There are 2 protein chains.
Amino acid sequence: MTTVNGNFLKFPGVYLFQEIAHQVAAFKKTAPEKRVISLGIGDVTQPLAPAVIRALHSAVDEMGNAATFRGYGPEQGYAFLREAIAKNDYQDRGIKVDASEIFVSDGAKSDVGSIQELFSNDAVIAVTDPVYPVYVDSNVIAGRAGDYVNGKWSNIVYLPCTKANGFVPEFPKVRPDVIYLCYPNNPTGTVLTRDALKAWVDYARREGSVILYDSAYEAYITEPGVPHSIYEIEGAREVAIEFRSFSKTAGFTGLRCAYVVVPEELKISDGKGGQVALKPLWSRRNGTKYNGCPYIVQRAAEAVYSEEGKQEIRQTIGIYQKNAAVMHEGLTRMGLEVIGGKNAPYLWVATPEGTDSWGFFHKVLENAAVVCTPGVGFGAAGEGYVRMTAFGSPADTVEALERLAKI
Amino acid sequence: MTTVNGNFLKFPGVYLFQEIAHQVAAFKKTAPEKRVISLGIGDVTQPLAPAVIRALHSAVDEMGNAATFRGYGPEQGYAFLREAIAKNDYQDRGIKVDASEIFVSDGAKSDVGSIQELFSNDAVIAVTDPVYPVYVDSNVIAGRAGDYVNGKWSNIVYLPCTKANGFVPEFPKVRPDVIYLCYPNNPTGTVLTRDALKAWVDYARREGSVILYDSAYEAYITEPGVPHSIYEIEGAREVAIEFRSFSKTAGFTGLRCAYVVVPEELKISDGKGGQVALKPLWSRRNGTKYNGCPYIVQRAAEAVYSEEGKQEIRQTIGIYQKNAAVMHEGLTRMGLEVIGGKNAPYLWVATPEGTDSWGFFHKVLENAAVVCTPGVGFGAAGEGYVRMTAFGSPADTVEALERLAKI
């Protein structure tokens, strides 16, 4: 009989956000009269920008006309979008990235989930703890994680980010082949200074490691001196792949568009004494398993870079940033210790003494009908925290704070 | 240093269609005055149906309004679309498939490329020869294919489809764990009768194999008695996963929407003496590495099942079917032997004696500025054939035939 990929059977439970949805659904059954406010999953609530809507309508009309209809597009993405990305997100900021190094996709989750296919089966994987579950789970499925023992995967190198180290990961004792870094960080909302990021780039260069840099939240950076892209650091083009998304930048969570940068200079061992560039391999991977992001969505993403688009998305990001500030102040006033929220849409809130992550999750769900995400769901070092997101509507955010203040 | 997934280095060249694009570009440089007509890649040319365009505009407007905006959707697809699929493509035809067994995606290429993740690393893979390259290449990347020797992968079980066996694959000598079948077939345009498909379902039940049934071209079936879905066959729900796509049915190649059916009853070995259902594992896989098809695209797909939508796409398919008939007649009149084209948008054309696949490809490119696909690109048994597709505009199709008649 055909046998399953046994790695699937090693998972301790369902995916974190599926589990939360389950718990919330159960609560709604017991208290159908209560309106639940979610500060849990990081989903946006503001509509798409008018410039994006116009671009979508216009592209839809093209698809209805034989003369302008578009079938299969290039797997890597249309040049018009890749060039807009290269110019606006990189070159205009003095960062060297060429349009040919950009791979447009349907989402950062797809990209960070699939990128591990490029590496050998025995590659040693390092992740921060707490961490976005996809980095770990995609490596579990591929067989690189080992076994799940006491809340940790036996072959994964964990880089704890705790109050003790100011949420800045330290270099591990075991040399990792691949290091996932996400800054501004999900879930802690913390950032790396230029010096701290440079130290990691230098480490990767010294040790021959690859950094997978998830920069999906860079649009939320407010403080100067915090790098928006890893390629602001000298030498990063030789060791790092960067992931970006339109989801949180322009509210594309339901529209689906993201991109990956794989620099020409990025080479790793071919296992036979030589070196091999990763860019053509990512192209090969996508040529085999992907058929490109919808044309109309790529036109929508292009509109994000128009003058109106830029202004409009800046306004929307401003709404979420104000939510974050209001939450930071309100939660602090309640006597809670709050991390993050200044350069990120995430707040990392310490649970009161004697209450663990899931305990706090249930307490605020049952008493305030507010959903947060238990920190331990992001890794063992997340115990004692919950993640709250600033993506609610301003009214919901204020109401959630009022409800929380009462308990 | 970090080491690459060495399987990428085993590929003999670039992906078939990338190679063809390369050759065509080179030809265009040498003869810029010639208008190239492509009967090569299977891309549609007719615009989206008016009902689909209306649904897109309406959904775009929803995304621009806070009250109707949609963020992350369910990874498995919205219920409105899964229910429309289950009803129209299955239940109304007397086939048992539930909406909960349908997984909406961004394309059949993504689905058939990723489905192999569910199986053990040592699963024995069988494919017809010739075959759509994605089935093989995705298993090469995963390490199941062995080495490429004399045009074949050492660990792949090939099921030749040739004139000698009437293009119906015979049972292999070695028992495969996983069998990819595509009917109506890409590239040969042939079909399996109900009896022939039943024989394969019975084989899979007897041998404990899984059939991955790619039915992307079912809308092109004209003859009665040819099964549209593998689930028309008794017992198939226990052994088969079915892949469908809106690409060729409704011209969605640039819009990107497809779906997979994973029946509740489909179970394989858990490697420890028990059995495990594949449906929750595919859900887990998508929950980890995918974030769902765009809401607006799912509304577009839903419109395909409206009364207007059904009529409109039927008209467009009729255009391509007429192209296929015209091509079949024209090519036959030129003295060429033509397979397929009756229940499929593909024609499998025997090259004249003394000319191999790539030789014929170059001959028609250089002398007629017409692009076809060399049969050998689909596998060793494809040597001596080229694939032509019926997706051109009617005018281009007629002109291509006129040009071919002259050489």
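The following passage describes strand 8 of chain A and the loop residue Ala216(A) in a predicted model.

Strand 8 of chain A, spanning residues 210-214, is largely enclosed by the rest of the structure, because five of its five residues are buried. In a regular strand, the side chains alternate between the two faces of the sheet. Both faces of strand 8 of chain A are covered, with Val210(A), Leu212(A) and Asp214(A) buried on one side and Ile211(A) and Tyr213(A) buried on the other.

Strand 8 of chain A has pairing partners in strand 7 and strand 9 of chain A. With strand 7 of chain A, formed by residues 178-182, the pairing is parallel and comprises five bridges, and within this pairing Val210(A) of strand 8 lies opposite Val178(A). Strand 7 and strand 8 of chain A also belong, together with helix 6 (residues 194-207) of chain A, to a right-handed β-α-β unit. Strand 9 of chain A likewise runs parallel to strand 8 of chain A, the two being joined by four bridges, and Tyr213(A) has Glu242(A) of strand 9 as its bridge partner.

Ala216(A) is located in the loop that links strand 8 to strand 9 (240-245) of chain A. The relative accessibility of Ala216(A) is 8%, which falls under the 20% limit, and this residue therefore counts as buried. Beyond its neighbours within four places in sequence, Ala216(A) makes contact with Phe243(A), Ser245(A), Lys248(A) and Thr249(A). Between Ala216(A) and Pro184(A), which are separated by 32 residues in sequence, the C-alpha to C-alpha distance is 7.8 Å.

How values were computed
Residues are numbered from 1 along each chain as its sequence is written. Chains are lettered from A and ligands numbered from 1 in the order in which they are written. This is a predicted model: local features need pLDDT of at least 70, side-chain atom pairs count only at pLDDT 80 or more; totals for chains, interfaces and linings use all residues. Side-chain values use heavy atoms; hydrogens and water are left out. Buried means under 20% relative accessible area, exposed over 50%, partly exposed in between (1.4 Å probe, protein chains only). Contact means heavy atoms within 4.5 Å. Two strands pair if DSSP finds at least two bridges between them. A crossover is right-handed if, with the strands pointing away from the viewer, the path from the first strand over the helix to the second runs clockwise.
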